[in-house]
Amino acid sequence: MAPLLLVCMLWLWLGKLPQLEAGTHGSQDNVSHVLHRCPKVCICASDLLSCSNRNLHVVPVPLPVMTTVLDLSYNVLPHLHPGWLAALPRLHILRLSHNQLRSLSRGTFHNASGLRRLDLSSNGLHVVGHHDFEGLTGLEELLLYNNHIGFVEHSAFRGLGRLSRLYLSCNRLTTFSFHDLHGLSPGQLRVLDLSTNRLASIPVSEVVALPAFIKNGLYLHNNPIRCGCNLYHMLLRWRQRGFSSVCDYLEEHVCIAFDVPSSRVRFFTHSKVFENCSSPAPSLEQSDVHLEVQVGQPLLIHCDASAPAARYAWVSPSNELLMFPGNKDNSIRVMRNGSLSIKEAQPSHAGVFVCLAAGSRLHHNQTHEYNVTVHSLPHAPESFNTGLTTLLGCAVSLILVLLYLFTPCSCCCRCCRPGPLVPPQECSAQSSILSSTPPAADGPGRKASTHKHVVFLEPVKEGQNGRVKLAVSEDFDLRNPKILQVKSDSESFSSMFSDTPIMS
């Protein structure tokens, strides 16, 4: 009886096996369908997922795993759960602007190391904590403008080693640490927007120590800063150097002249306020050190820090960060003492090299700039035989004269024959060139002008900036500097070139 029961159970198992296999394949298809399914309230286009302006209170799930760009802007999201991005390993851009986020919890952006751009603008954030952006090791751009941020913790941006653009404008900041940049890397940072905040003072000594490429993108305009001579000289120097942070917002760089908030004056308009400011201190915004080298020659640049530093780094004119021992192809080396060595100077090495020096023995992190000019090697003059050239020129001139004298004029024969005389202008090419009276036109209604002068162009010479120089006769009308026209003795004005005027 037992063997019979065992056989029956075996047959039942074998009969259901195909169904189980079919069920397994069906579950796999369902999982694949879920991973690629687009939420009903969103729009999916390849790897783009747009859930913008859908009045969402929670993030829709599930999200397609292949998403690289996720747009959740213009919703009413009040908070984000920790680890909610774990299912999106390919995500590069995340837009969360115009929501109702008031804070970010720890772990909000865990498992999002591939994120490159994060937009949290136009929310209700009050504080930037040092755990808010943990895990965003690949982040390059962070938008936090138009929030209610009044405080940034000391190391809020530590770990964001690749962050190059940070926008904190239109907030309520009263202070900002330029000494350590709240954990930001000075070698990577290119834009730091602190405009339209509540900054009452700027630590000039810390700001001038920043690299030039940070100053070029350090926006401080439209803040209630107290007027000061050091700040004035710093901004004036930035303007002279053409930094975009100042030149693009000249009218919006203001300061408070007195204790009254309404006593705002413009740095570059109300110059009388700063008449009593003496010359800037030698350590304030030092000028670049200019170095010159020829192509192919070695160059050694010493980082002149005020004291031995613990760490040195360089930024090349192409914005490449250079640290010990140097770049990959060893064309540029960084010594342990901070010096920069270029084996063979090339035109690509021309520009400003910035040295970054940091250490406990330094009062603050220091930057020094070196403007390198690479000169091309002078070309050797081409040797030639002056006597041979003169002899060849004389021979060519003699041949041309003989051809002119002994070439028969075919029209002279026609002139000797009976019949109407042929005008000499139509007989000889030489006569049409040497005659002061040009031949009459064949078409009716066209007048012949006499004594028309010739305009010719001289070849481009050095010092002309690539412009062609015009040799102009005394009959040109130079009252109009834009267009040169030729005057005729018998006509008022006639253009030397009928369709295209000559531009000066």
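**View 1. Aromatic pairs in a predicted model.** Eight aromatic pairs are counted here, where rings of Phe, Tyr and Trp (its six-membered ring) pair if their centres lie within 6.5 Å. Phe267 and Phe274 are stacked because their ring centres are 5.5 Å apart and their planes stand at 10°; planes under 30 degrees apart count as stacked, over 60 as edge-to-face and the rest as tilted. Both of these residues are buried (buried is under 20% relative accessible area, exposed over 50%, partly exposed in between; 1.4 Å probe, protein chains only). This is a predicted model, in which local features need pLDDT of at least 70, side-chain atom pairs count only at pLDDT 80 or more, and totals for chains, interfaces and linings use all residues. Residues are numbered from 1 along each chain as its sequence is written, and side-chain values use heavy atoms, leaving out hydrogens and water.

**View 2. An aromatic cluster.** Look for Phe109, Phe133 and Phe157, which form one aromatic cluster.

**View 3. Salt bridges around Glu141.** A salt bridge is a side-chain nitrogen of Lys or Arg within 4 Å of a carboxyl oxygen of Asp or Glu. Glu141 meets Arg117 in one of these, at 2.3 Å, N to O. Arg165 also forms a salt bridge with Glu141, at 3.4 Å, N to O. Glu141 counts as buried because its relative accessibility is 15%, while Arg117 is partly exposed at 26% and Arg165 is partly exposed at 33%.

**View 4. Arg106 and Glu134.** These two side chains join in a salt bridge of 3.6 Å, N to O. Arg106 counts as exposed, at 54% relative accessibility, and Glu134 as partly exposed, at 26%.
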